[in-house]
Protein chains: 2
Amino acid sequence: MDILYEGKAKRLYATAHPSELRMEFKDDATAFNGLKHEVFAGKGRINKSITLTLFSFLEAAGIPTHLLRDEDETRLIVRKIEIIPIEFVVRNVVAGSLAQRTGWAEGTALPEPLVEFYYKNDALGDPMLAPDHIRVMGLANAEEVDRIRSLCLRINQLLMGFMQDAGFRLIDFKLEFGRDGERQNQIVLADEISPDTCRIHDLATDEILDKDRFRRDLGGVMEGYQRILEAIRNHAAQR
Amino acid sequence: MDILYEGKAKRLYATAHPSELRMEFKDDATAFNGLKHEVFAGKGRINKSITLTLFSFLEAAGIPTHLLRDEDETRLIVRKIEIIPIEFVVRNVVAGSLAQRTGWAEGTALPEPLVEFYYKNDALGDPMLAPDHIRVMGLANAEEVDRIRSLCLRINQLLMGFMQDAGFRLIDFKLEFGRDGERQNQIVLADEISPDTCRIHDLATDEILDKDRFRRDLGGVMEGYQRILEAIRNHAAQR
């Protein structure tokens with residue numbers, strides 16, 4: 001079927017059903033706005049499984065998501081929704097750009113979680129936005145921003161607990177949301193949650209297990225992803 | 001008396017009165033986080049007079065400020081307050097970093113004004129903050145941020161009208177606020193309002209009259225500042 005959208009790490013295809021899409025996870029990894037690129041055999045399969053596990057967990061906990069069902073090794077069937085072009089970043093510990101922004105050392109635990117907004121726009125380099133920009137640019141209305149911020153904090157609570165019980169520390173993660181036209185434009189969680197979109201450390205050793213292994217040339221990228229997959233699968237099965 | 005603080009364009013001195021400071025406007029102009037520097041004879045005098053005129057106008061319109069009284073050619077006497085280390089930028093028209101952030105062309109009128117927050121920290125390059133950063137970093141509490149945002153929008157209304165009546169278009173401007181310990185930590189407008197801290201264009205011709213003349217090497221910097229001073233003084237005298 002037709003490719004509707006191809007991003008750096010996923011492809012979206014039309015299906016026979018007009019309100020359903022097929023979301024395919026690629027093996028490609030990119031960083032620094034596409035300047036760094038590498039293919040990791042098996043990444044698509046692992047990230048699909050992690051996303052399936054975490055979205056199923058969040059749905060069961062009352063978070064509306066775009067997930068409909070599993071399809072095959074690298075693909076999920078998801079609702080066709082209107083994506084809001086904002087990346088919502090939830091942070092529990094200082095890392096990456098937050099260290100530059102605050103002057104606080106990487107690894108500093110935040111006194112409370114915070115939510116950042118970035119404009120999903122590669123040409124502009126995904127700049128940070130304040131709520132005022134989002135409203136004035138017409139990307140989302142104030143009610144939607146409030147709703148999404150609340151969902152981000154609730155998802156953070158759920159994921160922090162889940163990850164901790166599975167042996168990991170959730171440093172930060174990126175979420176995307178959309179409007180579901182078939183459900184009165186309800187806000188639903190979309191995209192993926194995987195080591196590509198989260199910072200996840202070993203709870204005991206603080207070892208980096210996520211895409212920072214690729215960004216920082218630490219090696220063993222797929223070993224980290226695979227460890228996360230196995231642990232969260234086991235934890236989900238025990239729940 | 002002792003210099004308590006020296007910035008790029010001003011010095012603050014202690015006075016004989018513990019709750020009063022002397023604020024001196026320098027002739028130095030800097031841009032690009034201090035990389036560009038030039039001295040313009042008379043700038044301190046002009047900016048002091050513009051600040052005095054605009055702060056007096058705002059005080060009379062009900063905005064609490066740190067201004068107490070005029071002192072001499074380049075100096076004002078102001079209340080000693082605790083400055084909040086945030087630059088509040090109010091924008092009516094796209095210019096500067098907002099063009100890069102939104103992808104909108106410079107000169108585009110915004111559908112409504114917006115307020116941005118920047119961390120006053122030269123070493124970090126004055127990064128943009130979202131309200132969540134301000135709260136988590138402990139720079140100001142949520143009530144203070146709301147209060148300052150309201151003050152920013154009210155000041156914008158007042159200054160837009162004033163500037164338009166004086167023959168100018170107010171593109172954007174930067175404000176600073178502080179807590180007045182002698183008035184129950186009331187939030188008061190502080191610092192300056194001048195062509196160093198505003199973008200101001202001629203209403204009819206859109207000619208740039210502010211510090212962008214210096215940033216962009218357009219020449220006639222002091223001529224622009226002097227035109228603004230004369231027009232707003234005349235307008236203030238007529239009111």
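This is a predicted model: local features need pLDDT of at least 70, side-chain atom pairs count only at pLDDT 80 or more; totals for chains, interfaces and linings use all residues.
Okay, let's start where the chains meet. On the chain B side, 26 residues are in contact with chain A, and chain A brings 26 residues of its own. The area buried between chain B and chain A comes to about 2200 Å², and carbon and sulfur atoms give 62% of that.

S10(B) gives the most, with eight residues. If you sort the side of chain B that touches chain A by class, you get 16 nonpolar, four polar and six charged residues.

Okay, over to chain A and its strands. Strand S9, residues 86-93, runs antiparallel to strand S10, residues 109-119, and the pairing has seven bridges. To find your place in it, take A:Ile86, whose bridge partner in S10(A) is A:Tyr119. S10(A) also pairs with strand S11, residues 128-129 of chain A, again in the antiparallel sense, this time by two bridges. There, A:Phe117 has A:Leu129 in S11(A) as its bridge partner.

Chain B has a hairpin I'd like to show you. Strands S6(B) and S7(B) make it, with two residues between them. S6(B) covers residues 67-72 and S7(B) covers residues 75-79, and they pair in the antiparallel sense over four bridges. In that pairing, B:Asp72 stands opposite B:Arg75.

Jump back to chain A with those numbers in mind, and look at the side chains. A:Asp72 and A:Arg75 meet in a salt bridge, 2.8 Å from N to O. Are these two buried or exposed? A:Asp72 is partly exposed, at 27% relative accessible area, and A:Arg75 is partly exposed too, at 25%.

That brings us to salt bridges in general. Over all chains, the structure holds 66 of them. Here's one in chain A: the side chains of A:Lys48 and A:Asp70 meet at 2.6 Å, N to O. A:Lys48 lies in helix H1 and A:Asp70 in strand S6 (residues 67-72), so this pair ties together parts that are 22 residues apart in sequence. A:Lys48 is buried, with a relative accessible area of 4%, while A:Asp70 counts as partly exposed at 39%.

Stay in that helix for a second, since there's another lysine to look at. A:Lys43 sits in helix H1, residues 43-60 of chain A. With a relative accessible area of 1%, A:Lys43 is under the 20% cut-off, so it counts as buried. What is around it? Leaving aside neighbours within four places in sequence, A:Lys43 is in contact with several residues, among them A:Asp27, A:Asp28, A:Asp196, A:Met222 and A:Tyr225.

Last stop, one more salt bridge in chain A. A:Glu144 pairs with A:Arg179, and the closest N and O atoms are 2.7 Å apart. A:Glu144 is in helix H4 (residues 142-165) and A:Arg179 in strand S12 (residues 168-180), so to speak distant parts of the chain, 35 residues apart. A:Glu144 counts as buried at 13% relative accessibility, and A:Arg179 is buried as well, at 12%. And to finish, there's a network: salt bridges that share partners join A:Arg91, A:Glu106, A:Glu116, A:Asp172, A:Arg199, A:Asp212, A:Arg215 and A:Arg216. That's it from me, thanks.

Terms used
Residues are numbered from 1 along each chain as its sequence is written. Chains are lettered from A and ligands numbered from 1 in the order in which they are written. Side-chain values use heavy atoms; hydrogens and water are left out. Contact means heavy atoms within 4.5 Å. Buried area is the accessible area (1.4 Å probe) that two parts lose on being put together, summed over both. Ala, Val, Leu, Ile, Met, Phe, Trp, Tyr, Cys and Pro count as nonpolar, Asp, Glu, Lys and Arg as charged, and the others, Gly among them, as polar. Two strands pair if DSSP finds at least two bridges between them. Buried means under 20% relative accessible area, exposed over 50%, partly exposed in between (1.4 Å probe, protein chains only). A salt bridge is a side-chain nitrogen of Lys or Arg within 4 Å of a carboxyl oxygen of Asp or Glu.
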